[in-house]
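Please keep the sequence and the structure in view while reading.

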Amino acid sequence: MKLYKILPCIIAVITAMSACKKEEAYLEKSDSKENALVYVSRQANAQKITVYPAKDTVVSYNFGASFAAVGLPLNNITVKFKIDDKAFDSVNVVRTSQNLSPYLKLPESAYTISSLDVTIPSGAITSNLVSLKYNSKNLDPNKVYMLPLSIIDASGYKINPLLKTMFITTVKYKAPEILADRTGWTLTASSTQAGDGSLASILDGDLTTFWHSQYSPSVLPYPHWIQVDMLALTNVTSISMAPRNNNNTGFTKFNLKGSIDGTVWTDLLTAKAMDPSLKALQNYELDAPTKVRFLKLEMTEGPQSYTHLAEFQVFKVK
């Protein structure tokens, strides 16, 4: 048989043998710690747990440790976790520098952890799972909490420094919401400038139309207000507003109040900023869904004594 006919066969055999050896290396058990790492197995991103307002429900979250190397561990690897206060403080230093609210420590009364030790068995690459259970009723849905869990020991194996800590943080539950139907809603205002926009314009869905407070024959100063009667109790989750499309002199600060009867009012949003140069809907979320019939928008500051508004929308629980 000619050489050029058998050469491909020889190459194929050598390649197959090489592949087998390579595969065997990955399956071989070894107690060598060289180039081997242990890490938190669910650390790709910070893990978030949802806080459901006033909900008495226990929720479980599971995590563990993983092993990475060419080959498999010959012996069991005991991996020890701890609640890492140093990591907690480091994260809050960064948040404070970015003008973000610092995290609060997840209170011990709100959660339980089945164990802070796990085991990666001989010949395996993942450990058994730890169960974290938490109850939302023990957490304030308007605050942010964090629980950092770090690997502190892995039976002498090196711990991946980038994947040694899992930051479990809370996020507030956001109820599914829809845009409320504004048909038939009635409006009143502290003033309206005749011949320059109309109060009904803030409900017409057109960003080019607007309401304007009085500026003639005399300019009325802040505060200005608009009151909305939604005709029925509505479980409000947020509002959206758009400033006048061709003018940047609208209000820059506002409050929002809510009422069931139009007489007794509750603060829903306080001292919120509005950008009159941003010609788009700007959304403001309430701390929690609130049932009201009346809404009162109090405009408190702006570059001029007068103000204006193009659109006002209300979102409610679906």
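## Lysine 80 and aspartate 117

Lysine 80 is partly exposed, with a relative accessibility of 34%. In this predicted model, the side chain of lysine 80 forms a salt bridge with that of aspartate 117, at 3.3 Å from N to O. The two residues sit in strand E7 (residues 77–83) and strand E10 (residues 117–120) respectively, so the bridge ties together parts that are 37 residues apart in sequence. Aspartate 117 is also partly exposed, at 37% relative accessible area.

## Aspartate 85 and lysine 105

A salt bridge also joins aspartate 85 to lysine 105, with 3.4 Å between the closest N and O atoms. Here a helix is tied to a strand, because aspartate 85 belongs to helix H2 (residues 85–97) and lysine 105 to strand E8 (residues 104–105). Aspartate 85 has a relative accessibility of 41% and counts as partly exposed. Lysine 105, at 47%, is partly exposed too.

## Arginine 182 and glutamate 311

In the salt bridge between arginine 182 and glutamate 311, the closest N and O atoms are 2.8 Å apart. This pair links distant parts of the chain, 129 residues apart: arginine 182 is in the loop between strands E15 and E16, and glutamate 311 is in strand E23.

Arginine 182 is buried because its relative accessible area, 16%, is under the 20% cut-off. Glutamate 311 is buried as well, at 1%. The whole structure contains 5 salt bridges.

## Tyrosine 134

Tyrosine 134 is part of strand E11 (residues 130–135). Its relative accessible area is 4%, so tyrosine 134 counts as buried.

Methods: Residues are numbered from 1 along each chain as its sequence is written. This is a predicted model: local features need pLDDT of at least 70, side-chain atom pairs count only at pLDDT 80 or more; totals for chains, interfaces and linings use all residues. Side-chain values use heavy atoms; hydrogens and water are left out. Helices (H or I, at least four residues) and strands (E, at least two) are DSSP runs, numbered from the N terminus. Buried means under 20% relative accessible area, exposed over 50%, partly exposed in between (1.4 Å probe, protein chains only). A salt bridge is a side-chain nitrogen of Lys or Arg within 4 Å of a carboxyl oxygen of Asp or Glu.
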